[in-house]
Amino acid sequence: MAVQVLALIKAIGPYVAQIATAAIPAFTSKPDAIKSDPLVSKQIEELQGAATQNAQSIQILAEKLQQAIQGIEDSAQDAKKQAATYKTMLIVSLALSSVSLATSIFLVIK
């Protein structure tokens, strides 16, 4: 389940900034009728400012998320290398143990 969510976030992450950039102009267009009322104009400007700030926050969040995912991937690669090293050490120790057991049995029988 976590792998599926990670893959989904990884696929969507680079496009969040593009979506936010495309959506901001939709909030910035002002019809002429609304421009006449100063209160509505002020409210629209505040909403535009909030939308811009939210888009910037989402972009920063997406960048941080990409960095976190990259860190997780790097850690996974390190863990794989460490597991391979341990596996090799296990095989070598098993081989040496088998040789010593065979030598012991040979010496006891002889």
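The model is predicted, so local features need pLDDT of at least 70 and side-chain atom pairs pLDDT 80 or more, while totals for chains, interfaces and linings use all residues. Residues are numbered from 1 along each chain as its sequence is written, and side-chain values use heavy atoms, without hydrogens and water. The chain average is a pLDDT of 84, with 77% of the residues at 70 or above.

Three helices and zero strands make up the elements (DSSP runs numbered from the N terminus: helices H or I, at least four residues; strands E, at least two). Helix α3 has 72 residues and spans 104 Å from its first C-alpha to its last, close to the expected 106 Å, taken as 1.5 Å times one less than the number of residues.

Of the 110 residues, 8% count as buried (under 20% relative accessible area; exposed is over 50%, partly exposed in between; 1.4 Å probe, protein chains only). The buried residues of α3 are Ser41, Ile44, Gln48, Ala51, Ala55, Ala62 and Ile69.

Definitions and conventions. pLDDT = per-residue confidence, 0-100.
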